[in-house]
Amino acid sequence: TGPSAGNLLWTALGGPCATYNDGDIIAQYDKAAHRWMLAQNVFHGPTYYACVAVSTTPDALGPYYLYSFSLGTNFPDYPKWGVWTNSWAQTMNMFNPTLTAFVGAEVCMYERAALLAGSLTARQKCFLLTPNDDSLLPGDIDSATLPPSAQDEFFIGSVASPTGGTN
């Protein structure tokens, strides 16, 4: 298929995800589940959203389960996603609602199994770090070799050093 506006994917879901085509679409392939995950943030406040689409089969052109998760009232800039064994992770640089101050990196974890099953009760859990933490990238499985069993998701980025300086 040719290019199309990202928000068209969420037409059946309605709401902000179907209304706004704000760019920054991210496509990830979960090799273990043989499924596609597409995500796009809504950058129109006062409440921001993470729009998530999960393919129901390995076919990227097939049907998708559609989700909309609130990201709150801080502006969610520079979204990145990582596919992991038991969850999917999103990281963002958060700015206050008036875009006058950086408030810190935010990490959101999403229930992988529930999203893959199309569950309407799939959960998201987010936590905001300090303004000393920014531009985190989540670990992402891109090879056929899985991480060790029960290995937690990990993140890399710019974090303040224990002595107060920056790295």
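A salt bridge is a side-chain nitrogen of Lys or Arg within 4 Å of a carboxyl oxygen of Asp or Glu. The model examined here is predicted: local features need pLDDT of at least 70, side-chain atom pairs count only at pLDDT 80 or more, and totals for chains, interfaces and linings use all residues. Residues are numbered from 1 along each chain as its sequence is written, and side-chain values use heavy atoms, without hydrogens and water.

The whole structure holds 2 salt bridges. In one, E111 meets R123, with the closest N and O atoms 2.8 Å apart. E111 lies in strand β7 and R123 in the loop between α2 and β8, so the pair ties together parts that are 12 residues apart in sequence. Helices (H or I, at least four residues) and strands (E, at least two) are DSSP runs, numbered from the N terminus. E111 is partly exposed, at 27% relative accessibility. R123 is exposed, at 56%. Buried means under 20% relative accessible area, exposed over 50%, and partly exposed in between (1.4 Å probe, protein chains only).

D30 forms a salt bridge with R112, and here the closest N and O atoms are 2.7 Å apart. D30 belongs to strand β1 (residues 26–30) and R112 to helix α2 (residues 112–117), so this pair ties together parts that are 82 residues apart in sequence. D30 is buried, at 2% relative accessible area. R112 is also buried, at 13%.

An open sheet is built from 4 strands in the order β5-β6-β7-β8, with antiparallel pairing. Two strands pair if DSSP finds at least two bridges between them. The edge strands, β5 (75–83) and β8 (124–128), each pair on one side only. Strands β6 (residues 87–95) and β7 (residues 102–111) are joined by 9 bridges. F95 has F102 of β7 as its bridge partner.

Aromatic rings of Phe, Tyr and Trp (its six-membered ring) pair if their centres lie within 6.5 Å; planes under 30 degrees apart count as stacked, over 60 as edge-to-face and the rest as tilted. The count comes to 8 aromatic pairs. Y48 and F75 have ring centres 5.5 Å apart and planes at 90°, so the pair is edge-to-face. Y48 lies in strand β3 (residues 48–55) and F75 in strand β5, so parts 27 residues apart in sequence are tied together. Both residues, Y48 and F75, are buried. Y67 and F69 are stacked, at 5.9 Å centre to centre and 20° between the planes. One aromatic cluster is formed by Y67, F69, W81 and Y110.
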